[in-house]
Amino acid sequence: MSIPRVELQDWLQGVAEIASAVNQPVSLTSLLNLIAETACRLMSVEFCGVLLPDPERGALVIEGSYGLSPEYIAGVNALHPITLKEGITQAPSSRAFLAHNPVQVTDTGSDPAFGPWGRGARAQGFTSMIAVPLLVSGAALGTLNCYTTKQHEFTTDEIQLLTTLADQAAVAIATARLRAAEARTMEDLRNLNTSLEEQHGLLRQGEAIHQSLTDVALRQGGVAGVAEALCALLARPVVVDEPSGRAIASVPLDGVTLDLPNVQEDGLLEGTAQAAVDAGLIDVPAGEDDQTPGLRMMAPVKLDGETVARIWLPGRSSDLTPLDRRAVEHATTVLALELLRMRTALEVEWRMAGELLADVITANPTALGTLLPRAERLGHDLTKPHAVLVARADETGEGPIPKILSGIRAAGAQVRPRPLIGAVGSYVVALWPSDGREYETSVSVSNRIRSAFRRADGRATLSIAVSQRCASLQEYPGAFRLGRGALELVRLRGRADETVTFGDLGPLGLLLQLEHIDELMAFTDRVLGPLRAYDTRRGTALRQTLAAYLQNNMNTAKTAADLHVHSNTVGLRVRKAEELLQMSLADTESLIHIGMALMADEVVKVSSGSPRQS
């Protein structure tokens with residue numbers, strides 16, 4: 001093949017076109033195609049390709065071309081890649097790239113190094129080829145390959161011209177890459193600047209959220225103040241409730257109030273992953289009986305890992321923007337601090353109320369003169385009549401006392417003057433304001449408290465004794481003693497979950513109301529003394545058997561079942577008791593005498609504080 005003499009002007013024009021393309025907003029692929037096209041025109045060859053290493057620098061890839069078919073390019077790039085690995089048979093382009101020297105193949109059909117690409121060459125229609133490295137500062141960027149349809153050996157002049165063109169092309173490629181990198185850097189800087197401006201804006205808005213909610217805490221706006229601030233920030237109605245479901249703050253928006261599902265009864269929170277709860281916001285579906293179906297979300301408010309309140313909002317948590325979420329998170333923090341402050345204040349108030357109550361029911365003579373002013377400072381008016389409620393969990397232990405206190409305080413939250421409530425040993429005592437219908441009102445309140453306690457605990461039950469109405473400070477110690485005694489009497493009888501009044505106790509209630517128990521003790525000693533002496537001497541249980549026999553209406557079989565003994569044993573013990581007492585249960589007067597003695601014995605035990613006996 002004869003290569004015509006190329007005029008200097010043509011070369012300068014070709015190089016100028018490549019340089020001009022670098023200064024234009026063209027892609028790297030377009031530049032590489034232009035280089036291939038320019039090389040074809042200046043060198044008078046039919047095909048040209050620009051090969052660059054892949055990102056891993058494991059193979060050369062045809063990135064720009066002129067005259068080469070897509071099938072040939074795909075065959076080389078995908079099926080027969082031009083590898084750059086050492087130690088294996090290398091293609092001419094690989095050798096040119098690695099050695100930084102031009103490599104030509106005069107006959108691609110007979111050269112063994114071109115074997116893997118021979119079929120592609122025949123399909124494309126070229127016979128000879130040359131690969132010239134694209135060098136910049138001694139580093140190879142790729143190769144510029146020229147292909148001829150007729151067999152041709154490139155002369156030294158042609159190789160020199162092609163090398164000159166490759167050097168110019170390499171500079172153009174390097175420049176284009178630098179410009180692309182510079183453009184990417186500029187774009188990254190613009191994006192970063194935009195991001196910083198957005199973050200700065202978010203920080204300003206976040207600071208506004210922080211300031212708004214912190215102002216509520218500083219002015220002690222309470223739970224309602226936090227809910228109002230959150231409603232204003234999110235433009236959504238807000239409800240805050242306790243874990244029991246009692247709402248403690250509700251803020252409508254445009255007259256619309258958020259109604260809550262009964263999550264306790266519907267079990268809507270059951271099965272929710274704890275991780276989701278701990279994350280701060282969960283979606284809660286509507287219950288089956290929900291009258292206002294719709295989506296709601298809930299954020300728990302925690303103190304020491306315990307959920308003390310819940311914030312409710314309409315919609316899905318995914319509807320909230322990052323700023324909205326930040327507002328909710330900050331609201332839970334401020335609300336937790338507010339509740340902690342309120343809890344601390346309440347604990348101080350409850351401690352003072354407990355000390356006052358202890359002085360009232362013990363008739364502490366040193367504190368008697370200060371009781372009324374101390375009560376007035378705490379919001380109690382002891383100049384007015386009060387009924388005395390004495391409560392105790394039916395299971396032993398003091399674990400339920402805080403729950404009982406909370407339940408009774410919740411029941412009396414709206415009562416004025418305020419009930420005086422506190423713990424005395426294993427009992428919770430409440431002086432409940434009385435309007436003259438003390439039994440009707442106090443019994444109703446006691447029933448509500450017991451029902452709420454059952455719902456909150458699930459297993460434990462509570463008994464409450466309602467004592468008489470007290471019109472003076474001097475009456476409270478006796479009323480407490482009677483209420484405590486009434487509770488212990490029903491416990492002795494195996495009864496539980498009751499509201500007890502003295503009318504319910506019958507003769508036991510009358511005996512319990514005797515202020516002095518010395519006569520009762522003497523009476524029980526006279527009547528039951530022989531049984532006690534015999535039981536102590538012989539290790540028997542005649543008194544216990546006789547008491548159970550009378551409580552079971554003299555039913556021998558039921559008494560035997562209760563005591564886990566044989567019926568004959570019950571009969572023998574009863575006859576022995578009658579013999580020792582010198583009385584017969586068949587005689588009505590003797591039956592009443594023995595029954596009163598046993599009841600008086602129970603009253604003596606609970607009044608003297610002796611341990612409960614079965």
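Trainee: Is Ser 317 buried or exposed?
Mentor: Ser 317 counts as buried, because its relative accessibility is 10%. Buried means under 20% relative accessible area, exposed over 50%, and partly exposed in between, with a 1.4 Å probe and protein chains only. This is a predicted model, where local features need pLDDT of at least 70, side-chain atom pairs count only at pLDDT 80 or more, and totals for chains, interfaces and linings use all residues. Residues are numbered from 1 along each chain as its sequence is written, and side-chain values use heavy atoms, with hydrogens and water left out.

Trainee: What does Ser 317 touch?
Mentor: Leaving out residues up to four places away in sequence, Ser 317 touches Leu 281, Asp 283, Met 297 and Arg 325. Contact means heavy atoms within 4.5 Å.

Trainee: And where is Ser 317 placed?
Mentor: In the loop between strand S11 (306-314) and helix H10 (322-362). Helices (H or I, at least four residues) and strands (E, at least two) are DSSP runs, numbered from the N terminus.

Trainee: Switching to H20, which of its residues are buried?
Mentor: Val 570, Gly 571, Val 574, Ala 577, Glu 578 and Leu 581. Down the axis of H20 they fall within an arc of 130°, so they line one face of the helix. The arc is that of the directions from the helix axis to the C-beta atoms.

Trainee: What is on the face turned away from that side?
Mentor: The exposed residues Asn 568, Leu 572, Arg 575 and Glu 579.

Trainee: What comes just after H20?
Mentor: Gln 582, with a positive phi of about 60°.
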